[in-house]
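Please read it alongside the coordinates.

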Amino acid sequence: MFQNLQDKLDRAFKVLKGQGNITEINVAETMKEIRKALLDADVNYKTAKAFTDEVKQKALGQNVLTSISPGQLLTKIMNDELTTLMGGSATELDLSKNPTVILIAGLNGAGKTTFSGKLAKYLKEKKGRKPLLVAGDVYRPAAIDQLQVLGQQVDVPVYADRESTDPIGIAKAGVAEAKQKGYNLVIVDTAGRLAIDEALMNEISAVKEATQPHEILFVVDAMTGQDAVNTAKAFNDRLDFTGAVLTKLDGDTRGGAALSIKSVVNKPIKFIGTGEKMDALDVFHPDRMASRILGM
Amino acid sequence: VGKSTVDDEVLDDLEEVLVTSDVGVTTTLKIIERIQARVARDKYVSTSELHSILREEIQALLAENNSADFEHFEYGEHKPYVIMVVGVNGVGKTTTIGKLAHQLKEAGNSVVLGAADTFRAAAVDQIKLWGERVGVRVVAQAMGSDPASVAYDTVKSAVANGDDVAIIDTAGRLHNKVALMNELTKIKQVMQKVVPGAPHEILLVLDASTGQNAIEQCKQFTQATDVNALALTKLDGTAKGGVVIGISDQFKIPVKYIGVGEKIGDLQLFNKKEFVDSLFK
Ligand SMILES: Nc1nc2c(ncn2[C@@H]2O[C@H](COP(=O)(O)OP(=O)(O)OP(=O)(O)O)[C@@H](O)[C@H]2O)c(=O)[nH]1
Ligand SMILES: Nc1nc2c(ncn2[C@@H]2O[C@H](COP(=O)(O)OP(=O)(O)OP(=O)(O)O)[C@@H](O)[C@H]2O)c(=O)[nH]1
Ligand SMILES: [K+]
Ligand SMILES: [Mg+2]
Ligand SMILES: [Mg+2]
């Protein structure tokens, strides 16, 4: 599709005169191509606009009569700019507290429960923690069973209370259980919810109050389109989350939502999900994501 | 005061509305071109008229390539009418099946569900709970068993039991995974050994919050299974689901159902007019 963004940019440039320096005049067509490419990659409309303006400013006056083509030059500028925007380097979790409490939140079906299992495995095996998973979804049919199956797969115990329909009480009891039994890490899975569902958003705020988490991770599907900004903003307004997780990147989506989320809430993306299995977890690398969004 | 041409500012606004609804640049440009053509033809057009023209053009675009809106939760002539439900991970397949089973049962049909997602953790438990909730039978095997065999059992059981409708759940899978897509083709073919022509409906479930990737999903799932109906879920949120406009333009597959919540009653038949109106809310 637009693996050939660079070619397109070269072509856009060729039809224009005065290739010596990048000028206002010869840059317009090119910016259109860039904007379309970003929108095709699901970067938010406003973010794409702001970004192309930024790139334009950086590009203006640059001399293109060097060994590289204008397309190459522009994609390099964009790649650098995107990488910086998305946080420069990978951001780690703060695991200094005992127990460290991590709250997982997000829209329906984003991949929260799967990620909870993966994170437990990762922190246990790679960071030497002793995790407890907490089954805080009392709504979705078989949500507890799902987390328990995953807990078994990664060999991490799950705190659940099948009698209770109160996610706040369950989360609190889960943290208490961890303290009592000497787990130094608690991961609280929660039900999927829409950002405009007042009752459920109040509920997750209350879960936060009750458990005082050290990390709150907003889990979002990498295939999300223009709505990513609304959702990220609404969850951030309510929870002031500490990081985002981008799931299902084993697909072929460009993942422009990553850029939108970062630019609207300015929180780091900490992990990516790359499959359904429990080891399909990676730390987030802004530079790789930048190349992906640009299709390079 | 009317204008004979549409000024750039108005078009920019339209573009923003469409693109932020996930309509996609290509389809947005196509719609805008249609409007420009119409404005050139009809001459005087005010900004307010322009908005109703826009709605009409999008509805027309949806209608050109689709049948009329469905009026009932109907299942056609076949008995059992077999529905196979496919889609990427987490879009709402299993929930849609629960909700659809409820609608069909309310309409007086006897329905059986097939738990052919034997892969995702507790998927069988989840659909069994939906079966209990709705009050319909669920045909299932152990986790990890062959999904094609579950589908086969389900259709066979529907025939034996004289059921009107059989709905087969499948595991979520990303469309770029060749082995998993081939598995779907196999699940589909196995059912034809019991009921020639089955599955009669292959329902691709799309999540309204998905962006342009939904187009590729549609392409790949259609290639593997001849998708002939779409369901658009999670429209109760702020996402508009505009990508289905481009999809129905390219693939000529009707959107049949929409999901508007997690509860049993939260499934509706797609209505073009209401859908287009919601883009501008
Ligand atoms: N391919 C792929 N699938 C994933 C990934 N992460 C999660 N999934 C799948 O996405 C689907 C939804 O995952 P869940 O973990 O149940 O999502 P959730 O956010 O807990 O869903 P709710 O609790 O219903 O809101 C499942 O089929 C998972 O296997 C990923 O990184 N890649
Ligand atoms: N708000 C809302 N949530 C929905 C809707 N449809 C499904 N969901 C929720 O989305 C999440 C995922 O739904 P599932 O039915 O498990 O999705 P699936 O496609 O079967 O998932 P996999 O089998 O894991 O691929 C659950 O939390 C559902 O309650 C809808 O129309 N609106
Ligand atoms: K909506
Ligand atoms: Mg979950
Ligand atoms: Mg399912």
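Does Asn79(A) count as buried or exposed? In this predicted model, Asn79(A) counts as buried because its relative accessibility is 17%, and buried here means under 20%. The residue lies in helix H4 of chain A, which runs over residues 70-85. Leaving aside neighbours within four places in sequence, Asn79(A) is in contact with Asp287(A), Ala290(A), Ser291(A), Leu294(A) and Met296(A).

**Chain A as a whole**

Chain A contains eleven helices and eight strands, and its C-alpha trace spans about 75 × 40 × 30 Å along the principal axes. Of the 296 residues in chain A, 58% are buried, while the accessible surface of the chain comes to about 11900 Å², with 49% of that area belonging to carbon and sulfur atoms. When contacts in chain A between residues at least 6 apart in sequence are considered, 77% of them join residues at least 24 apart.

**The site of ligand 1**

Ligand 1 is surrounded by 23 residues, of which Lys112(A), Thr113(A), Thr114(A), Arg140(A) and Glu276(A) are the closest. Residues from chains A and B surround ligand 1, so this site is shared between chains. By class, the shell around ligand 1 divides into three nonpolar, twelve polar and eight charged residues, and H5(A) gives the most to that shell, with four residues.

Several polar atoms of chain A approach the oxygen atoms of this ligand. A polar side-chain atom of Thr114(A) lies 2.6 Å from an oxygen atom of ligand 1, an N or O atom in the side chain of Gln146(A) is 2.9 Å from an oxygen atom of the ligand, and a backbone N or O atom of Gly273(A) lies 3.3 Å from an oxygen atom of ligand 1. On its own, ligand 1 has 650 Å² of accessible area, and the protein covers 96% of it.

One of the closest residues, Thr113(A), has its place in helix H5 of chain A, residues 112-125. Thr113(A) counts as buried because its relative accessibility is 11%. Beyond its neighbours within four places in sequence, Thr113(A) is in contact with Gln146(A), Leu147(A), Leu150(A) and Asp189(A).

**Helix H6 of chain A**

Gln146(A), Leu147(A) and Leu150(A) are among the buried residues of H6(A), together with Ala143(A), Ile144(A), Asp145(A), Gly151(A) and Val154(A). Helix H6 of chain A (residues 143-154) has twelve residues and reaches 17 Å from its first C-alpha to its last, close to the 16 Å expected at 1.5 Å a residue. The cover over its buried residues includes H5, strand E2 (131-136), strand E3 (158-159) and strand E4 (185-190) of chain A, together with helix H5 (123-134) of chain B. Just after H6(A), Asp155(A) takes a positive phi of about 60°.

**The site of ligand 2**

Which residues come nearest to ligand 2? Of the 22 residues around this ligand, they are Gly92(B), Lys93(B), Thr94(B), Thr95(B) and Glu262(B). Residues from chains A and B surround ligand 2, so the site is again shared between chains. The shell around ligand 2 has three nonpolar, eleven polar and eight charged residues, and helix H4 of chain B (residues 93-106) gives the most to it, with four residues. The table lists polar atoms of the protein and their distances to an oxygen atom of ligand 2.

| Residue | Polar atom | Distance to an oxygen atom of ligand 2 |
|---|---|---|
| Asn108(A) | side chain | 3.3 Å |
| Gly90(B) | backbone | 2.9 Å |
| Gly259(B) | backbone | 3.3 Å |

The protein covers 96% of the 660 Å² of accessible area that ligand 2 has on its own.

**Helix H7 of chain B**

Helix H7 of chain B (residues 178-192) has 15 residues and reaches 22 Å from its first C-alpha to its last, close to the 21 Å expected at 1.5 Å a residue. Its buried residues are Met181(B), Leu184(B), Ile187(B), Lys188(B), Val190(B) and Met191(B). Among the elements of chain B that cover them are strand E1 (81-86), helix H6 (147-161), strand E4 (165-170), strand E5 (201-207) and helix H8 (213-225).

Note on methods: Residues are numbered from 1 along each chain as its sequence is written. Chains are lettered from A and ligands numbered from 1 in the order in which they are written. This is a predicted model: local features need pLDDT of at least 70, side-chain atom pairs count only at pLDDT 80 or more; totals for chains, interfaces and linings use all residues. Side-chain values use heavy atoms; hydrogens and water are left out. A residue is near a molecule or strand if one of its heavy atoms lies within 4 Å of it. A polar contact is a pair of N or O atoms within 3.5 Å; within protein, one must be able to donate a hydrogen and the other to accept it, and residues adjacent in sequence count only if both atoms are side-chain atoms. Accessible areas come from the Shrake-Rupley method with a 1.4 Å probe; for residues, only the protein chains shown count as cover. Helices (H or I, at least four residues) and strands (E, at least two) are DSSP runs, numbered from the N terminus. Ala, Val, Leu, Ile, Met, Phe, Trp, Tyr, Cys and Pro count as nonpolar, Asp, Glu, Lys and Arg as charged, and the others, Gly among them, as polar. The expected span of a helix is 1.5 Å times one less than its number of residues. Buried means under 20% relative accessible area, exposed over 50%, partly exposed in between (1.4 Å probe, protein chains only). Contact means heavy atoms within 4.5 Å.
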